[in-house]
Amino acid sequence: MITIIQLVSIAIALLAFGMAFWLYTWVKAQPAGNSKVEHIGSYIQRGANTFLRREYTILACFTGIVALAILLFIPTPIWNGALDNVIMAVSFLAGAAFSALAGKVGIQVATIANRKAATASQTGIKFAFLAGFRGGAVMGMAVVGTSLLGVTLVLMITNDATAILGFSFGASSLALFAKAGGGIFTKTADISADLVGKVELGIPEDDPRNPAVIADNVGDNVGDVAGMGADLFDSNVASMAAALVMGISLDAGTSTKNVSTVFCFAALGLLASIIGVGTAKMGKSDNPNHALNSSTYVTTTLYIVFTALATQLLGISWRLWTAAIIGLGVGTIIGIASDYFTNDEKHPVHHVAKASENGPAFTILGGASYGFLSVFPSMAGIAAAALAAYLVCDPLGPGYAMFGISMAAVGMLSIVGMIISNDAYGPIVDNARGLVEMANLGDKALAITDSLDSAGNTVKAVTKGFAIAAAGLTVIALLGAFMTEVNEAAEALGMGEQFLSGFDIMNPYVFFGLLVGAAIPAVFSAMLILGVDRNAQRMIAEIHRQFKTIKGLKEGVEGVVPEHDRCIDIATVGALKELIPAGLMAIIATLLVGFIGGVQAIGGFLAGNIVSGLLLALFMSNSGGLWDNTKKYIESGNFGGRGSDAHKAAVVGDTVGDPFKDTAGPSINTQITVVSLVSSLMSTVFLTTSLF
């Protein structure tokens with residue numbers, strides 16, 4: 001049965017590619033804009049592709065070095081048997097390549113769709129929405145199709161669970177640095193443009209006089225499109241990898257029922273997303289939020305129905321189906337919680353907006369407080385999902401409780417094709433709004449793109465919360481995969497069948513790892529935010545220089561244009577300089593803990609890293625989203641509107657929130673996944689080689 005299901009998975013992945021191609025051709029076929037829209041749009045496209053090319057060049061060197069280390073030492077030193085090491089290194093490279101491809105596809109279509117959406121906004125909201133959403137859906141289909149195809153092919157070719165972890169590690173490593181680098185780029189430009197443009201000069205957000213606005217629009221693509229796409233590609237692959245490692249162990253060569261279940265549920269999730277994307281359209285209300293939500297509801301409902309039918313027809317345990325649906329349900333609840341704390345129609349944003357009338361200190365205090373409050377429902381939801389899935393599947397036998405948690409992660413990420421489509425829609429319509437203002441397409445087009453952008457900001461906050469929650473369940477499943485890898489290695493070395501059954505925090509090695517692991521997300525976040533800080537100060541100095549030395553720029557004299565390339569170059573060079581150290585620190589810390597305290601210390605390290613990382617990621621993502629929408633709520637005419645004291649305070653809050661929600665916050669969940677995968681891949685080494 002497994003071969004048939006794997007072939008069906010490949011067929012559905014190819015169907016997703018076909019859907020992506022159709023959406024891409026539809027977007028390209030939409031009317032082109034005037035010469036100014038096309039000129040500015042091509043500038044954004046060129047800047048995004050230049051950054052991506054330079055970033056991928058650096059990451060190719062890093063990936064090559066890591067692949068060589070894997071070839072020499074993982075899973076065992078190469079002199080003990082070369083074939084397994086070769087398979088692992090090739091799987092790692094394939095994962096990195098597939099992840100890079102996902103980012104490239106997203107950039108390619110997003111930088112076309114932004115122009116089409118801007119042009120369509122001159123005639124109405126319906127086609128402008130479709131241009132933005134279908135542009136984002138190209139990435140959604142391509143990312144999930146690629147991840148399903150990659151994992152399926154790796155297992156079919158190697159028949160090796162550890163090789164899947166290698167593939168996942170490749171995807172996670174590239175995603176970590178792509179998200180960090182893109183996040184540093186985009187927030188460097190965004191902060192600089194806002195502080196000089198809005199606070200100092202009182203000019204509009206996308207005023208063409210501002211030298212940083214093109215870099216800001218480039219950043220939307222490299223951070224929120226390429227970076228977030230790689231992030232969710234990584235989460236999807238990692239959830240499947242963890243489930244497959246445990247599924248293969250449970251099947252123990254006597255059956256394929258658990259492995260078949262993982263592929264079946266993942267493939268049906270992609271099929272439901274394909275259909276859901278096809279149903280997305282504007283209704284009579286012309287409400288983009290409603291259109292985005294309705295297509296998500298269609299996808300979710302279809303997934304529940306499809307998997308229930310498959311469970312009945314294929315004889316899959318209903319307990320495993322229940323675990324998957326628990327994950328999906330909790331993902332929805334976390335999305336609702338994120339929406340409440342970040343949506344500009346809800347109380348928290350209104351409260352912080354009113355508080356902003358009294359100065360930026362109250363903006364920061366209010367946003368930080370609600371950000372901390374938002375952590376509880378999401379963390380409690382992840383905990384409840386893990387506990388419920390554990391208890392539901394525990395009666396199936398030894399090992400099935402942790403497998404149930406992995407199936408909850410697979411279930412939560414089952415509709416990731418739709419989630420990515422919604423997420424990529426955000427930066428596309430944000431760019432479209434910028435193009436409308438810079439090309440002066442009129443008040444009607446600006447009002448339409450403002451409406452689309454507002455929906456995009458809300459959905460981005462929801463998808464970031466979803467991505468962090470999905471990473472939470474995934475890394476709990478990866479902790480189970482780590483235990484499985486250690487126990488299999490221990491049995492092979494004659495140390496006993498159940499070398500690890502859990503981690504006792506009273507064990508000094510576990511407690512040592514716990515404290516170190518809990519500190520890593522804070523240090524990682526600080527390094528990324530300081531990178532944005534340093535880079536933004538350099539760009540602000542450049543903006544000041546241009547306004548002082550380019551005659552007529554501040555006054556908006558016809559024919560006088562800023563030197564956009566200088567700002568793009570500052571953002572690019574700074575981001576590439578800052579992206580490697582933070583990720584490398586997390587990986588090196590994992591290796592040091594493993595070599596000092598062994599597998600017990602690593603268990604504590606992963607537990608501390610997961611809890612601390614999820615808390616910080618959720619806090620920063622939601623508080624940043626709240627500050628962003630507080631600024632936009634005031635700009636729409638509330639509490640004094642643009643230029644008021646409340647507006648200036650809200651801009652300060654948004655500036656603080658920018659690296660929170662778009663650099664450090666969403667990068668932490670990838671960091672957690674990376675260290676979990678490093679631990680699993682190094683499990684045999686840590687088991688046999690440690691100081692204590």
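How many cavities of 30 Å³ or more does the count come to? The count comes to three. This is a predicted model, in which local features need pLDDT of at least 70, side-chain atom pairs count only at pLDDT 80 or more, and totals for chains, interfaces and linings use all residues. Residues are numbered from 1 along each chain as its sequence is written, and side-chain values use heavy atoms, with hydrogens and water left out.

Start with the cavities. A cavity here is a set of points, on a 1 Å grid over the protein atoms alone, where a 1.4 Å probe fits but cannot get out. Grid points are joined across faces, edges and corners, and a volume is the space filled by probe spheres set on the points. The largest cavity holds about 140 Å³ of space. Its lining comprises 18 residues, with D190, E205, D220, D430 and K632 nearest the centre. Lining residues are those with an atom within 4 Å of a point. Two or more lining residues come from each of α5 (161-201), α6 (213-251), α14 (443-492), α16 (564-635) and α17 (645-681). Helices are DSSP runs of H or I, at least four residues long, numbered from the N terminus. What classes of residue make up this lining? There are 16 charged residues, two polar and no nonpolar. Asp, Glu, Lys and Arg count as charged; Ala, Val, Leu, Ile, Met, Phe, Trp, Tyr, Cys and Pro count as nonpolar; the others, Gly among them, are polar.

Now take α5 and α6 as a pair. Two packed helices are described by the angle between their axes and the distance between the axes. For α5 and α6, the angle is about 160° and the axes lie 7 Å apart. Therefore α5 is roughly antiparallel to α6, a label for angles over 145 degrees. Axes are lines fitted to C-alpha atoms over the stretch in contact, and angles run from 0 to 180 degrees between N-to-C directions. The crossing of α5 with α6 is left-handed: the near helix is turned anticlockwise from the far one by less than a right angle. The contact of α5 with α6 has 21 nonpolar, eight polar and seven charged residues.

Two loops deserve a look. N440 sits in the loop between α13 (416-438) and α14. Its phi is near 55°, a positive value in a residue other than glycine. N440 counts as exposed because its relative accessibility is 65%. The cut-offs are under 20% relative accessible area for buried, over 50% for exposed, and in between for partly exposed, with a 1.4 Å probe and protein chains only. F639 lies in the loop between α16 and α17. F639 also has a positive phi, near 50°, and is not a glycine. Its relative accessible area is 26%, so F639 is partly exposed.

E55 belongs to α2 (residues 35-73). At a relative accessible area of 1%, E55 is buried. E55 and V222 are 167 residues apart in sequence, yet 10 Å apart in space, C-alpha to C-alpha. S525 is in α15 (residues 508-549) and is buried, at 5% relative accessibility. A571, in α16, is buried at 0% relative accessibility. A571 and A238 are 333 residues apart along the chain, and their C-alpha atoms are separated by 31 Å.

Conventions: 1 Å grid on protein atoms, 1.4 Å probe; cavity = no way out; pocket = protein on both sides within 12 Å on 5 of 7 lines; lining within 4 Å. Parallel < 35°, antiparallel > 145°, perpendicular 65-115°, else oblique.
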